Amino acid sequence: MSEQVQERVVVEIPIFLSVRQLAELMDISPIVVIKELMNAGVMAHINQQIDYETGAIVAEELGFDPREETPALDEAFAEGGPTLLWERLYADEDPAKLKARPPVVTILGHVDHGKTSLLDAIRDTEVQAGEAGGITQHIGAYQIDYDGRVITCLDTPGHEAFTAMRARGAHTTDIAVLVVAADDGVMPQTVEAINHARAAQVPIIVALNKMDLDRAQTERVKQELADRGLVPDDWGGTTLCVPVSARTKMGLDDLLEAVVLVADSTEIVANPDRTAVGSVLEGRLERTLGATATLLVQNGTLRTGDVVVTGLVSGRVRRMLTPSKQSIEEAGPSTPVMILGLSGVPEAGRMFQVVADTRTGRAMVAMREDELAARSVAPTRAFTLDDFSSRIQAGQTKELNLIVKTDVQGSIEPIVGSLEGLGDEDLKVNLIHAAAGNITESDVNLAIASRAIIVGFQVRPDTAGRRHAETGGVDIRTYDVIYKLVDEVDKALKGLLEPVYRDVVIGEAEILATFNIPRVGAIAGCRIRTGVARRNARARVLRRGEQLYDGHVASLKRFDQDVREVRSGFECGMGLVDFRNFEVGDIIQLYVKELEEAE
């Protein structure tokens with residue numbers, strides 16, 4: 001008997017269920033449940049949906065120990081929030097189930113070196129050849145059939161979009177094709193594309209475009225590539241350099257053959273028999289179809305009827321469409337496909353995953369919304385130079401990833417040379433990217449994707465870059481003296497760097513009234529005199545000029561609503577952590593701690 005009682009004490013309740021389901025979970029009559037709901041002030045019939053909190057109250061009143069049922073969430077989603085770490089997509093796969101899949105290729109390069117023309121030429125060649133399968137063109141991606149081998153090409157705007165997807169966890173590309181104009185050579189955007197591809201750790205194939213022009217200078221361009229670590233294969237290096245012409249379609253077969261060769265040498269595989277995971281290439285709202293998403297399946301097989309979760313969007317796949325709007329029933333690894341049936345428009349660059357059912361999908365979205373709300377209250381935690389210094393002391397890291405931006409090209413060499421001379425074989429600086437110009441959003445995306453710190457010499461972040469760094473938690477250090485820059489990086493490598501912070505007052509509030517709320521404590525009714533009050537700010541309480549308290553804001557309300565901030569001239573209720581002794585007339589000074597910018 002005691003064991004039976006013990007089994008009935010704990011009851012797991014889903015986040016949503018009907019009154020009938022709650023009664024079945026507790027093995028009692030629904031009438032008893034309805035009566036308890038009425039006692040709690042809830043009028044509900046037997047098939048009405050109630051939430052976990054309501055069900056827990058009823059269960060507790062009836063002598064049970066209510067616990068919230070936890071759906072079987074994927075570990076990577078649970079730990080990573082809205083993104084899924086790409087490294088985990090294949091982590092638990094049985095090697096015996098892995099099969100070769102089509103390679104996914106992204107074409108990168110300088111803005112006017114012929115990326116789009118090359119893509120169009122490959123499409124036209126396939127259409128004219130009339131091969132079986134032809135082209136499956138789609139928004140953001142298409143597939144071609146070359147000599148019986150399928151190749152998936154991502155039609156991205158360039159390396160910035162390529163890195164932005166990586167910054168969100170979506171490692172979509174197996175091979176990068178770097179387009180370099182033979183008459184122009186390596187340009188600044190070419191160098192950026194090289195560094196972005198290297199940071200993604202994908203093999204690079206060089207397409208020497210515009211070879212039909214008389215002014216093409218193949219050997220000079222190859223030398224420029226070799227100077228940047230891409231030594232051509234015919235010079236004894238490992239980088240395949242293929243001469244092509246998008247205009248005359250010369251060398252296109254050689255380029256596709258090079259892609260297949262590299263794919264075969266890198267063992268590009270997936271498990272088609274598992275549930276699908278992959279990346280969102282694009283999301284849009286179409287007038288006749290509603291919310292649509294273009295997905296790249298990267299592992300597993302996606303089927304009509306599967307439940308998909310991506311970011312804060314979920315839904316059952318009602319249809320999968322080809323470009324001609326014909327339905328298909330399944331899409332295997334490396335296949336781009338447009339789906340219908342999601343609850344909203346997903347964000348490009350997010351990972352997607354198939355889950356067991358719609359309830360699990362909704363639970364995952366709810367969990368992420370809660371995490372997002374929590375992160376909006378707490379300040380974004382940046383990976384800073386000071387953090388790196390601490391991790392060096394703890395023996396947790398051996399390499400510092402840096403992105404260097406300078407005012408002029410001539411400043412790069414002395415700075416890079418000095419930084420590369422720091423550390424030793426066991427502890428060193430890894431330069432992800434170095435270029436002249438202001439710190440941009442593209443630099444921040446690269447820093448997020450590479451977990452790097454940005455250092456600037458006589459440059460500042462532009463508006464978009466600064467805003468993106470704040471939301472993405474990227475540490476940007478700017479300097480006006482080279483030795484100061486090098487000295488701080490050296491100290492970080494040696495674990496000696498100490499952070500220096502300053503207090504920045506953001507607002508002041510005057511207490512007009514005090515309240516004591518049961519189970520909450522003392523609350524100050526305030527009017528914001530200057531600036532702004534924020535829920536994640538620190539606070540000092542001043543009484544006739546004397547400081548009584550220095551701590552954190554615990555709560556901030558307008559009427560009965562929790563708010564993130566209240567601006568000057570408005571009234572609010574404010575609670576402080578571990579402080580109750582409010583008096584009318586006290587001043588609450590709101591401030592934040594900011595890292596001192598290097599000089």
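Here are legends for a few close-up views of this predicted model.

**View 1. Confidence along the chain.** Averaged over the protein, pLDDT comes to 80, and 80% of the residues score at least 70. By element, strand β16 (residues 302-303) has the highest mean pLDDT, at 95, while strand β7 (residues 136-138) has the lowest, at 36.

**View 2. Helix α2 against helix α3.** Helix α2 (residues 19-26) packs on helix α3 (residues 30-39) with the axes 8 Å apart and an angle of about 115° between them. That angle makes the two helices, α2 and α3, roughly perpendicular. The crossing of α2 past α3 is right-handed. On the α2 side you'll find Val19, Leu22, Ala23 and Met26, which meet Pro30, Val33, Ile34 and Leu37 of α3.

**View 3. Helix α16 from end to end.** Helix α16 (residues 482-494) has 13 residues, so at 1.5 Å a residue it should span 18 Å; the end C-alpha atoms sit 19 Å apart, which agrees. Buried residues in α16 include Leu485, Val486, Glu488 and Val489, and Asp490, Ala492 and Leu493 are buried too.

**View 4. Leu154 in strand β9.** Leu154 belongs to strand β9 (residues 149-154). Its relative accessibility is 2%, so Leu154 counts as buried. Thr173 lies 19 residues away from Leu154 along the chain, with 8.2 Å between their C-alpha atoms.

Technical notes: Residues numbered from 1 in each chain as written. Predicted model: local features only at pLDDT ≥ 70, side-chain atom pairs only at ≥ 80, totals over all residues. Heavy atoms only, no water. pLDDT = per-residue confidence, 0-100. Helix = DSSP H or I, 4+ residues; strand = E, 2+ residues; numbered from the N terminus. Expected span 1.5 Å × (residues − 1). Buried < 20%, exposed > 50% of the residue type's maximum accessible area, 1.4 Å probe, protein only. Axes fitted to C-alpha atoms, helices over the stretch in contact; angles between N-to-C directions. Parallel < 35°, antiparallel > 145°, perpendicular 65-115°, else oblique. Left-handed = near helix turned anticlockwise from the far one by under 90°. Contact = heavy atoms within 4.5 Å.
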